[in-house]
Amino acid sequence: MSLIKAENLSAGYDSDTIIEGINFTVNEGDYLYIVGENGSGKTTLMKTILGLLPPLSGEIVFGDGLNSKEIGYLPQHTPVQKDFPASVWEIVLSGCQSRCGIRPFYNKKEKAIANENIRKMGMTDLKNRCYRELSGGQQQRVLLARALCATGKLILLDEPVAGLDPMVTLDMYRLISDLNKSGITVIMISHDVAAAAKYASHILHIGDMVFFGTNEEYRQSKIGKYFLMQGEMLGEISNDGKKEAK
Amino acid sequence: MDKLMMYFEYPFVRYALIVGVLISLCSSLLGVTLVLKRFSFIGDGLSHVAFGAIAIASVTGVSNEMIVVLPVTVISAVLLLNSSGKAKIRGDAAIAMISVGALAFGYLLMNVFSASSNLSGDVCTTLFGSTSILTLNPTDVWMCIVLSVIVIAIFIVFYNKIFAVTFDENFAKAVGTKSDLYNLMIAIIIAVIIVLAMNLVGSLLISALVIFPALSAMRLFKSFKSVTVFSAIFSVSCALVGMVVSILGGTPVGSTIVAVDVFAFAVCYLVGRITGRGN
Ligand SMILES: Nc1ncnc2c1ncn2[C@@H]1O[C@H](COP(=O)(O)OP(=O)(O)OP(=O)(O)O)[C@@H](O)[C@H]1O
Ligand SMILES: [Mg+2]
């Protein structure tokens, strides 16, 4: 049985329908990329999957054995107040809150998981720093470490590489890919179509045209070809720029 | 000093100190969460509701005011915390509405039905706390101790959850934390603290106990834990200093404590500026 199955799903805010007629299935071990233009409703869809927004119509069915305690989540915007006092360590550790359950305090194992994810993100030196004093990219890595702490079966990432430098972006893709290979299902929103073509097992394209299928099917489809070509053109432009700079 | 020692001989002075320390500790613990959730004024709003409830209690002649005041305040707290975010009326506007409404209604009730000859004195006492903390009887003190211990215990046990829900409610929900439940719990605790604190500083000055320790700590510290610990220490010290000053100088307890809070905040602000720790 599939992990998540969306049937004729419409999502939006109150009476405001943003996307409709979405159908897709996610099986265990899949690596699903959600792509589409700004404002096409990717974040809205992800929030609906997470249950933060009620679906307007249609339904999302979760396979048995999946409960929200095994989901990791990286939000696109974290509405953290500017003056919130919180250290990197406190935030990453809070990713373990679902492992912790009703037990009041984090145990050694959870602290070890938090430490390990801080290390993976290369944040060990910043562990005791205040979150609000970090750069945008560093903050992103903190939230990723937190999401990794929460993951057991499924991780949902809303533009995880936005604002990261190229090296870290590459690391991130590898890390997520490794995570996926270790059996964790990944659903990721991204504008990086090239990376989608490289890593994804399935692609959900939303916008004026909706497409859902395997990576291979997407590359063969009209819409996929169109977007991939655009991506390549952009890539060439930036490559040209680099050549000229040399 | 001798004079102070002499005062400590009196049980009512000791009661007042115990109650003052406990209340200031409780209010500072949740202050951090309230300030960060942008609910600083909820203390104010709720205390006015409690004032209205006291008016109802005294008019209807209920012997123990707590029986009326506590539930009414708890219900208002739950409504206020729940409505913000969803409701058409924004959170702060809702609080302001309820707050002035209850104040006016309470005063009106007292004025129309009160049998007391010293009406303005009564009202003033409820609003500013005046000297009522020195007239506590053992039952009040025990009630306060029990409620405070419960509040502190709940806060410690749910500390990590409160942090998680305050820092990022969406994430907490997404990973299966029952954030609505914790918000409800926070609301109830706040209401209890407000009702307790009415004894100490009166209903107009409660917000000060809630926000000054948190704001001062946030000038100097940058992790949630250090802010929480410092604001607790800050609040208890200010309450102690304030009470001692008021006993020695014969000034009103509530306003003296708040004055000490304001002064200490200014010190923290300056220290934060000079050391560059604040922003
Ligand atoms: N809280 C909200 N209430 C009402 N409408 C909203 C809300 N948040 C977003 N929208 C609207 O929903 C639409 C889709 O927004 P969404 O954030 O899902 O886009 P997105 O695909 O994630 O875009 P991006 O690539 O820029 O992140 C937008 O038109 C936006 O204006
Ligand atoms: Mg988005």
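The model is predicted, so local features need pLDDT of at least 70 and side-chain atom pairs pLDDT 80 or more, while totals for chains, interfaces and linings use all residues. Residues are numbered from 1 along each chain as its sequence is written, chains are lettered from A and ligands numbered from 1 in the order written, and side-chain values use heavy atoms, without hydrogens and water.

A:Cys96 is buried at 0%. A:Cys149 is buried too, also at 0%.

**Magnesium ion**

Next I looked up ligand 2, the magnesium ion. Donors are N, O and S atoms within 2.8 Å of the metal (3.2 Å for Na, K and Ca); water is not among the atoms, so sites may look incomplete. The protein donors are OG1 of A:Thr43 and OE1 of A:Gln76, 1.9 to 2.0 Å from the ion. These two residues are 33 residues apart: A:Thr43 sits in helix α1, A:Gln76 in the loop between β5 (71-74) and α2 (88-94) of chain A. Helices (H or I, at least four residues) and strands (E, at least two) are DSSP runs, numbered from the N terminus. A:Gln76 is partly exposed, at 29% relative accessible area.

**Ligand 1**

I then listed the residues with a heavy atom within 4 Å of the ligand. There are 13 around ligand 1, and A:Gly39, A:Lys42, A:Thr43, A:Thr44 and A:Gln76 are the closest. Helix α1 (residues 42-50) of chain A gives the most to this shell, three residues.

Which polar side-chain atom lies 3.1 Å from a nitrogen atom of ligand 1? It belongs to A:Tyr13. I call a pair of N or O atoms within 3.5 Å a polar contact. The side chain of A:Lys42 has an N or O atom 2.7 Å from an oxygen atom of ligand 1. For A:Glu159, the distance to a ligand oxygen atom is 3.4 Å.

**Chain B**

Last, I turned to chain B. I find 13 helices and zero strands there. Of its 279 residues, 52% count as buried.

Key: Polar contact = N/O pair within 3.5 Å; in protein donor to acceptor, adjacent residues only side chain to side chain. Buried < 20%, exposed > 50% of the residue type's maximum accessible area, 1.4 Å probe, protein only.
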